[in-house]
Amino acid sequence: MRRLTAVACVLALLVAACAKLCAAQAAPRMPGELAWTIGYDPKTFDPAKVDDQESELVRYLTAGVLLRFNRFTQKIDPQLAESWNLSPDGKTITFKLRPGLQFSDGSSLTAKDAAWSIRHVLLPATGAPVAEEFLSPAGVTVATPDARTVVVHLPQRVIGIGKVFDEIAIEPADRPSEGRLTSGPFVVADYRRSQYVRLRPNPHYARRDATGSVLPYARGIRLDILENTEQEIRLFERGEYDVMDSLPPDYFELLKKKAPASVRDLGPSLNTEQMWFNQSPQAPLPAWEKSWFQSRAFRVAVSQAIHRADLARIAYLGHATPAYTFISPANSAWYDSKINAPHTDVAAAKAALAGAGFHLSGGMLEDAAGHPVKFSILTNAGNAARLKMATLIQQDLAALGMQVTVVPLDFPALIERLMHTQDYEACLLGLENVDPDPNAMMNIWLSNSPNHQWNPSEKMPATSWEAQIDLAMNRQASSFNDTERKQAVDRVQQIVADEQPFIYLVYPNVLVAISPRLKGVQPAVLEPSLVWNIESLHLEGVR
Amino acid sequence: MKLKCAAACVLAMLILVAAVIVAAPGASYANQDRESLLAPASTRHPAGTDALGRDRLVRVSAALLLSLAGSVAASAVTTAAAAGVGALAAFGPATVGWTAMLLCDVFLALPWLFLLMMVRSALPLTTSPANSAAITFLVLAALGWPACARAVYRGALSLKTTEWMLYARAGGLRGGQIVRSVIPNLVPLLLPQFLISIPAFVMAEANLGALGLGVGEPLPSWGGMLLELDNSAMLFDTRWVYFPVALLVIVLLLLEAVAGEA
């Protein structure tokens, strides 16, 4: 009897598990509908309040904007605006709207709606994150001389102002609808918490393709809310999903074995992985350690001892590119291939250390005063690639006689040490860059910034080279000339390569999977990398 | 009894083999063979290599020795502490006994995982992997004694009411002399407690390692190696990734068999 009960219990559990598995399957796909996954529920459908990645994707797919930052060409394209013009002083932007624009309900879209949408995001009560990008949102004025003209006047010049309008959805004046009434290619049709977001095409979308056919081609989009990469891969293989982006390298390799035609390595992303030493004079570290970390020779020697090719090959299974500067080769406008950075050269590293007074004693590196060179590298626990890189660097630096301890910490504990106590020696982390313009990195490079990680919030630049970085970054921020801006950024790159305050390690590659049935895809490294041209995407034979 | 002997023999053999593998010339648990990543079994690497090209057999052997040595030491500390507290609570004044048991309850109620995380975060960052391993087992021991102390307390209380104890006390034996007589009589209780704690500590260390809170790299630990199983993509690359968990289960079963018979 007891055995029967046990068998019944096991069966009941199995049935429950199967039921749960079935419930987790993708919802049935409508004909011509595109489908992929998002990691979590969008926090908002209000395009003005977007502050998370998934809400941003929904906004991208649904919102009509005056200007669109083209993720492929990395240039600004007019969208709802037929043309736009920036005054020579950079303070006045004039948009001319396309004629006959309509919202998804068929009502007219005029300059009044565009002006209302811009003012709406500028209002403090809205709490729109994009408002900060205007630097002084309170001083911005918007005028509408006629039904198709919008004039925005800024109190001060904003670098890359065109891209800011990529984030401002044009909504019907006084009728915000949380994505259900849009001027973009799609409209939010249905949302089920923790299950999916369904979008339907906007029947009044203004854009047409080269042959004059109606856009978008797809008959809908279903974004399934699913965090599990393994399940996502399984459903992708079954044809339930059309694209997968941001694939971890090991899952990319797994999928490559199963469906080699569907995976693509798009090359380096804009993101960087780097390590740095704590150079803060306030850090609670022994004086001799501070002197090592403040020594250029020490930092350069460490950089020269690291085998970046091994980091890319082992920690990222070959799906990363060795990095020597903060601008990735993917950033075509700002990358400078002529930067002269220290490459792997263990002999040169040893010589540089010897020149700085370091010497080997029983296999252990010691400074001139006889202190053994021992330090720890912090990284965030749970990130397998970073832990592998730190362990590889541990062995690379052992070749110089340095004894390195790898310490994975949970993120809050790590941030506490980096931002507050400054009680750490070295750290290995990554930086996610969403904006190709280096101006977005001002908060990292200016010496008085709290995010100037190796020595935060300096009252005065601690070194002459930091003063030079400040100068060059401020020059690129204030210049009206693109060539001059580029020269200033190149100068910063060269100083960083010479001084190695950040020792750049790799640029992780963008790894994606695309269903062979999906047509019109032009992968780009900028997010949303596979669906940036969503209007032109469609399933084979369905258009 | 036969099962216990057989389990103990197999365990001893495993330890011996592991010690020979670790001590073999050229064997290194930290050395990275960067040209042989996730390599299959070969004469050079009989159990293949891990994702950093380190010999899996040497690492598993070192993890076995480290885990068992640490667990035995932690178990010894726990049992000694439990014997002291339990005996003191049973034979001391009522207030002392009550306070000791209250202390046990407090310790049992502690969220040990968070405590361990706090301790790990508070450690100096340059703590070497060997020291971090020692501290991990020490913390486990410091948190493991209360359950054992409760059992000892119960045993000591029942001894306190035995006839020979009444005679001893009536005969004028003082507190210290009584405890000296009691301890040998508690050995049948302490030995199983000692043996039961060993697999518990092996598991606890593996759990901590799997959370990234145990022994630091490059020192191998069960938990660190079990972390590999978290990545299902790797499971398709090499079946040897199951080797550490298989050996861990075998070791745990052997330890349980030894402890169970005791």
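Reply: Let us begin with Q500(A), which sits in the loop between α15 (482-499) and β20 (502-514) of chain A, where helices (H or I, at least four residues) and strands (E, at least two) are DSSP runs numbered from the N terminus. The model is predicted, so local features need pLDDT of at least 70 and side-chain atom pairs count only at pLDDT 80 or more, while totals for chains, interfaces and linings use all residues. Residues are numbered from 1 along each chain as its sequence is written, and chains are lettered from A and ligands numbered from 1 in the order in which they are written.

Me: ok, and what is the phi of Q500(A)?

Reply: Although Q500(A) is not a glycine, its phi is positive, at about 55°.

Me: is Q500(A) buried or exposed?

Reply: Q500(A) counts as buried because it has 24 C-beta neighbours inside 10 Å; the cut-offs are 20 or more other C-beta atoms within 10 Å for buried, 12 or fewer for exposed, and partly exposed in between, with C-beta atoms placed from the backbone.

Me: what about S194(A), where is that?

Reply: S194(A) lies in the loop between β8 (186-192) and β9 of chain A, and this non-glycine residue has a positive phi of about 65°. S194(A) is exposed, with 8 other C-beta atoms within 10 Å.

Me: switching topic, which residues does the cis bond to P216(A) join?

Reply: That cis peptide bond joins L215(A) and P216(A), with omega about -5°, and P216(A) is in the loop between β9 (196-201) and β10 (220-225) of chain A.
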